[in-house]
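Student: I'd like to learn how to read a structure like this one. Can we go through a few features together?

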Amino acid sequence: MTPGGTPGAPGVVVVTGVGRYLGAHVAARLAADPRIERVIGIEPPESGSEFAELLDGVERIRIDPGSLGGLLADLDVDAVVHVALVTAPDSQHGGRSAMKDQNVIGTMQLLAACQRAPRLRKLVVRSSTAAYGASFRDPAVFTEETEPREVPRGGFGRDILDIEGYVRGFRRRRSDVTATVLRFAPFIGSTADTTLTRYFAQPVVPTVFGRDPRLQFLHFDDALEVLYRSVVEDHPGTYNVAGPGVLSLTQAIRRAGRVAVPVLEPGLSGAAALARNLGFGRYGLDQVDLFVHGRVVDTTRLEREYAFTPRSTAAAFDDFIRAHHGRAVVSRGQLAAAEQRVLDGIRQVRAAVRERS
């Protein structure tokens, strides 16, 4: 029997990143479970009060990761849920340097504190399918055992590899702790507000000419369900978490009633220029490579071990469309006309290039 009084349900749970959307919802979901005695949310001192109402049943502690020290031991923590990750650099908040500090150094400091927590029995870590990278050498489908064919070019993908390496070391040192690593596909859905949803919310969506990558999405509510089950049940190991099925990029754009505008890829060495040409702004190279090469993962292990199947990629994307747009931005006829104008423009550019040569 665990301290929470119910098999599988921990007594005291710490959730990192409750000042952000995902962390706040995970903490609130756990606090609503009467089997769990205490849910403690960790957030940096500068966090705002955006989720104060949602976190009404959560004890909040504002502290820098480097100051965790023996706090987890003092709290008699049974489980830690680490979701405080930054997925893309933000120039207004320290850029890539601050992103790496939070993702890599912050995780390292948290795991050091976890190692000194004698009652800790469960660790759940948010990871990402970005760990596999995205390149032309990728297999059709990644399983949890598949090694990336190339090191991810983007900072987030490299951070994820470092984080998972630290977790493997923690597992060796604390074999008594059930460690769960969840490699999430990009979030989407009615409530999601991410770089991905903002990309598809544009009336005109830039794509890379000649590329139509296969994509998988994960509904935010399904991510929340998997995180919750990882805490109240025992699921050691690493799991791909994604909606079954795929959508090509052009299929997704058409479903959203958007207009795709292909741009020329300036070459693999022009990564920064490609990001600017695509209009991604603060998007990282992880997102750029995803929309060039795509990525599909196998979720058989998740479905077998959790007895849970997330809603399909297409269903998750349709929920996003209904909630964020209500209706298509353009009609089918307008869409066809716009696409024809784009094709005409491409032909004119090609003709001009031939004439100059």
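Tutor: Let's start with a word: buried means under 20% relative accessible area, exposed means over 50%, and partly exposed is in between (1.4 Å probe, protein chains only). Helices (H or I, at least four residues) and strands (E, at least two) are DSSP runs, numbered from the N terminus. This is a predicted model, where local features need pLDDT of at least 70, side-chain atom pairs count only at pLDDT 80 or more, and totals for chains, interfaces and linings use all residues. Residues are numbered from 1 along each chain as its sequence is written, and side-chain values use heavy atoms, leaving out hydrogens and water.

Student: How many of the nine residues of α9 are buried?

Tutor: Eight of them, so α9 is mostly covered. Among them are D286, L290 and H293.

Student: What covers the buried residues of α4?

Tutor: Think of contact as heavy atoms within 4.5 Å. The cover over the buried residues of α4 includes α3 (95-115), β5 (122-128), β6 (178-184) and α9 (285-293). Those buried residues include F156, I160, I163, V167 and F170.

Student: Is T16 buried or exposed?

Tutor: Buried, with a relative accessible area of 7%. T16 sits in strand β1 (residues 12-16). Beyond its neighbours within four places in sequence, T16 touches several residues, including G23, I42 and L110.
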